[in-house]
Amino acid sequence: MNTKSYFFQSFAIVALAFVAFIGFKQILPNKIFSDSKLDSKNVLIDSLLLESVAKDSLSSEDDSISESNGKQKIVYDKTGGIEFPSETFDNYKGYQYLISFYEKLYQLEKNPQSKVRIAYYGDSMTDGDLIVQDVRVNYQERFGGNGVGFVSITSESAASRASVKSLYSKNWKMQSYLNVKRPVSPFGVNGHVFFANNRSNATWVQYEAGTNKFSTTLDNPTLFYGRSSKSGKVNFIIGKDTLKKSLVSNSLVNTLKVTSGSIKAFKASFVQSDSIPIYGFNFDNGSGVHVDNFSQRGNSGLPISMFDASVMQAFNNTLKYDLVILHYGTNVLNYGTKNYSWYEKGMTKVVNKIKESFPGVSILIISTADKSTKYAQEMKTDSAVVPLMNAQKKYALETESGFVNLYTLMGGDGSMVKWVDESPAKANKDYTHFNQRGAKAIGKLLYDQLNKGYEDYKVLRQKRDVNPNKRRAAGRVDSVSVKTDSVNE
Amino acid sequence: MITIDSINDWFIQNFGAISIEQVKSWFIYNPDEKLLFNTGLFLGLFLVFYFVYAFLRKTFYLRLTYVILFSLFFYYKSSGIYFLLLLLSSVVDYGLSQIIYREKKDNVKKIYLVISVILNLALLGYFKYMNFLIVTFNDMFSGNFELHNVFLPVGISFYTFQSMSYIIEIYREEIKPTKNYIEYLFFVSFFPQLVAGPIVRAKDFLPQIYEKLNLTRQDVNNALFLIIGGLIKKTVISNYISVNFVDRVFDTPMNYTSFENLMASYGYAIQIYCDFSGYSDMAIGIALLLGFKLPTNFRTPYKSTSITDFWRRWHISLSTWLKDFLYISIGGNREGSFAGYLFPSLFFFGLLLWGITNYTTSIIPLIVAISGVTLFCLSFLLSSKRKQTLVTNFNLFTTMLLGGLWHGAGAQFIVWGALHGLALAVHKIFSEFFPSKKDKSPNFLWKFFSILITFHFVVFCWIFFRARDFQTALQVINNIGQLTFEPENWKIIVLGYKNVFLLMLFGYVWHFLPEVLTNKMKFVFDKTPLLLKAVVLGFVYWIVYATAVAGSQPFIYFQF
């Protein structure tokens with residue numbers, strides 16, 4: 001039998017197939033499995049974002065992002081006699097605008113009984129207390145403080161949160177600023193409002209301390225609820241004891257302490273408390289640093305502009321925020337647009353709302369992290385990342401907020417691919433979210449940048465206090481000014 | 001001149017301008033771009049290689065050397081400098097096998113065999129298990145040993161097993177050694193099965209080297225059919241659903257709903273089947289194009305009616321290897337041995353310890369541990385041939401434990417192996433009580449439920465196999481445990497991941513297609529003219545290409 005023909009025929013088939021492939025490549029579309037548009041009704045995404053995007057595509061506004069000069073110098077005016085060195089737009093950090101927060105930290109360092117509070121607003125990146133818990137632990141390690149801060153009643157990520165475990169009955173009615181425009185009662189500081197509307201069954205929530213450092217107990221658990229014309233009852237069950245309390249809902253925001261001191265777990269069961277807006281519980285030991293995680297999946301940040309300022313002020317009277325962190329961006333990357341002027345406008349409104357709600361608070365904007373998309377056959381940094389990061393930097397600068405460039409902080413171009421491929425991996429295969437390990441690293445990076453500002457602040461503060469008296473001690477002044485020079489470089 | 005220019009233009013348009021750099025990159029090792037069968041580079045290189053191969057078909061040593069060189073290059077592209085390790089281990093193994101063959105005294109023979117087995121396992125152990133051992137040791141005795149920065153050479157588990165089979169078969173006098181090193185190296189380094197199997201047995205493969213190289217029309221048909229199927233399974237189904245769905249859920253199971261967790265488990269079952277079997281099929285097909293017949297490696301395993309049946313259909317070359325060289329070596333179903341008792345005892349001891357240490361937080365681990373031990377004991381205590389079943393079950397359990405560990409260094413692989421070992425023992429005692437009637441086939445319902453139960457058990461075990469660690473596996477299982485019947489929400493999820501679910505469905509339908517139908521398809525394919533076959537293959541290339549460039553699905557959070 002002649003075998004020749006079959007080897008060459010077989011070669012011919014493979015070779016011809018190759019030619020056929022080239023042909024198919026030319027006539028057939030480039031991709032299969034196109035990214036089908038989802039019915040947004042079923043996907044968790046904020047309604048304000050969808051509106052803004054729709055509006056943006058209608059307006060024929062030309063690309064108004066004036067390529068701002070990255071080398072442009074930003075010079076600060078003195079705040080309380082302190083002036084941080086000038087910086088360029090490229091490297092903008094805006095420590096100057098965090099001075100009031102740094103001063104509070106400084107006071108805390110001198111007097112450990114005082115306290116500092118941070119509200120950390122974020123999207124799914126901070127779900128399950130990722131990143132935020134690491135920022136919290138870093139601060140509490142250095143400045144003291146115990147407790148996980150404010151915790152909502154229910155959350156879609158409650159199950160994945162390790163810093164505090166919570167279980168809740170299924171009959172809670174929840175409204176979120178994500179997709180509700182006119183809530184029955186105003187939203188709480190967490191952007192949610194809950195109602196225990198079921199008359200026949202008890203509506204309950206149960207908390208148990210997690211295993212995180214400085215959060216192994218629930219300290220001074222305190223219920224936050226809003227105003228209502230009706231009154232209600234709540235039973236706090238701690239171990240075998242049941243405390244029956246009534247809910248007096250006269251003020252815009254009311255608090256009710258479960259117990260003083262530290263406990264491991266408790267259950268709150270609401271009886272006949274329909275129409276009373278319930279917000280959540282706060283856990284803190286009354287001194288040191290406390291960081292509240294207000295994460296909401298699918299959030300662009302824009303819904304914060306719907307906050308009722310008077311309600312927020314009422315929250316602030318009790319909680320007394322010193323820093324508000326806005327960590328958003330992930331959810332605005334996927335709209336095929338690279339013009340983020342609409343987002344800039346929207347977020348400027350948000351920052352203004354925060355200023356109105358929490359007077360005198362410092363604000364920190366955290367930019368989007370790196371995110372990868374497949375281009376041809378390779379995962380690369382999504383082309384929208386840098387434009388979005390620049391837009392975020394612009395509104396940070398314009399609203400006089402501090403800024404963390406998370407994109408460059410984690411390594412810049414192509415860094416997400418590295419974080420995913422690294423072994424052990426630090427980010428998930430969606431090339432967007434960090435895992436536990438990565439979140440820890442991010443938390444540390446954020447803390448380090450914030451802390452660098454604080455250390456600089458302490459030096460500047462000392463310089464301010466020392467200078468008027470020791471002006472004559474020329475040598476000293478010289479050495480300080482040399483230092484400033486090196487910062488200026 | 002116009003024609004040359006236009007050809008050049010056409011070329012640049014379709015392939016882009018080719019720079020020296022690019023050409024270099026084709027031949028230099030790049031850890032990020034392994035030379036897999038489903039890459040364009042492999043196709044290009046293979047075309048050139050195959051063309052020359054066809055001319056060499058009537059030569060012998062020239063052809064062998066040619067294939068060896070290509071194989072070494074292929075391995076170099078996957079593992080860089082470690083191709084030297086392959087060469088080194090082959091020289092040592094070849095030397096030892098020669099000594100064993102010539103040695104007349106049984107005792108001395110045995111000593112050399114032991115030396116070679118230890119050498120091979122030590123090599124495999126260092127590269128694959130060193131860090132696992134260090135981590136385990138550090139965890140158990142709070143030690144502080146530093147991890148080694150070990151690179152895992154691609155396919156080391158496969159070629160180590162393959163050369164071990166050669167030596168053991170020589171020791172057992174089942175085969176004669178090759179006439180020289182070239183022939184041996186050809187067997188060990190044969191590129192189609194080098195990096196991911198099937199594990200070819202010396203006694204199946206060596207005779208083929210000496211036969212006159214032959215390639216029939218039917219061989220080509222079979223090869224193309226296997227390659228087409230393999231490409232679709234591996235690059236379309238497996239890759240797409242893993243990147244766009246399964247990986248994400250297993251990354252953070254608690255962030256997804258119960259239904260998504262369940263679907264990710266089913267998804268992983270079809271993904272791993274398509275991955276392993278798809279690559280095997282391509283390897284078998286390519287070997288066939290070169291004129292070599294490798295054994296079938298997967299026979300639609302999820303159609304198994306029992307776990308014993310499953311292991312006759314899943315990764316057959318591995319399971320027969322384990323049976324012949326591990327299970328039989330430690331005593332098989334005839335006698336017990338130290339190793340046969342050691343590993344199961346260690347495992348069950350560890351299991352009970354785990355149950356006891358976790359007792360304060362939850363009683364469930366202890367219940368699981370005790371029922372595991374009880375089940376295993378019952379599996380031989382209830383048997384009529386108690387002594388023999390005991391031996392068999394211990395040896396079987398050892399085989400499955402070590403087989404699990406072979407898949408990867410990690411506790412979850414041991415658990416996976418243990419679950420299968422336990423299930424095999426349970427099935428054995430079950431069939432002793434309810435023997436299947438030989439003369440007539442079981443009724444449809446019986447068969448249906450057998451398949452359903454076996455399949456779900458296998459899927460359950462895959463959760464451990466896939467999860468990053470034991471904790472994550474438990475999270476997935478817990479999450480699935482909270483599943484409630486909410487068809488409306490399920491529909492939303494399915495629509496959200498439309499492509500993924502369509503591919504999963506396609507994969508399962510294809511898998512469960514009656515054999516009659518697949519045979520029909522094959523028959524039609526065989527009858528198609530050559531040109532049309534080429535077009536079909538070309539179309540499949542395009543599908544592979546288009547899937548590879550398809551953007552990944554953005555993450556979705558559903559609201560209910």
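Guide: Two strands count as paired if DSSP finds at least two bridges between them; helices (H or I, at least four residues) and strands (E, at least two) are DSSP runs numbered from the N terminus. The model is predicted, and local features need pLDDT of at least 70, side-chain atom pairs count only at pLDDT 80 or more, and totals for chains, interfaces and linings use all residues. Residues are numbered from 1 along each chain as its sequence is written, while chains are lettered from A and ligands numbered from 1 in the order in which they are written.

Visitor: What makes strand S3 and strand S18 of chain A a pair?

Guide: Five bridges join S3 (residues 115–122) to S18 (residues 323–327) in chain A, and the criterion asks for at least two, so the two strands are paired. They run parallel; in one of the bridges, Ala119(A) has Val324(A) of S18(A) as its partner.

Visitor: What is the order of strands in the antiparallel sheet of chain A, and which strands stand at its edges?

Guide: Five strands form this open sheet of chain A in the order S5-S8-S15-S11-S12. Strand S5 (164–168) and strand S12 (241–247) of chain A stand at the edges, because each has a single partner strand. Here the twist averages 20° from one strand to the next.

Visitor: How many bridges join S11(A) to S12(A)?

Guide: Seven bridges link S11 (residues 232–238) of chain A to S12(A), the two strands being antiparallel. Among the partners, Gly232(A) is bridged to Leu247(A) in S12(A).

Visitor: Why are H16(B) and H17(B) called oblique?

Guide: The axes of helix H16 (residues 364–381) and helix H17 (residues 386–407) of chain B come within 8 Å and cross at roughly 140°. Axes are lines fitted to C-alpha atoms, for helices over the stretch in contact, with angles from 0 to 180 degrees between N-to-C directions. Angles under 35 degrees are roughly parallel, over 145 roughly antiparallel, 65 to 115 roughly perpendicular, and the rest oblique; H16(B) and H17(B) are therefore oblique to each other.

Visitor: Which residues of H16(B) and H17(B) meet?

Guide: Ser379(B), Phe380(B) and Leu381(B) of H16(B) meet Arg386(B), Thr389(B), Leu390(B) and Asn393(B) of H17(B), where contact requires C-beta atoms, placed from the backbone, to lie within 7 Å.

Visitor: How is chain B divided into domains, and how many residues does each give to the contact?

Guide: An automatic or database assignment sets the bounds: domain 1 of chain B is 29–213 and domain 2 is 215–301 + 443–549. Their centres, taken over C-alpha atoms, are 28 Å apart. The contact takes 13 residues from domain 1 of chain B and 19 residues from domain 2 of chain B.

Methods: Contact = placed C-beta atoms within 7 Å.
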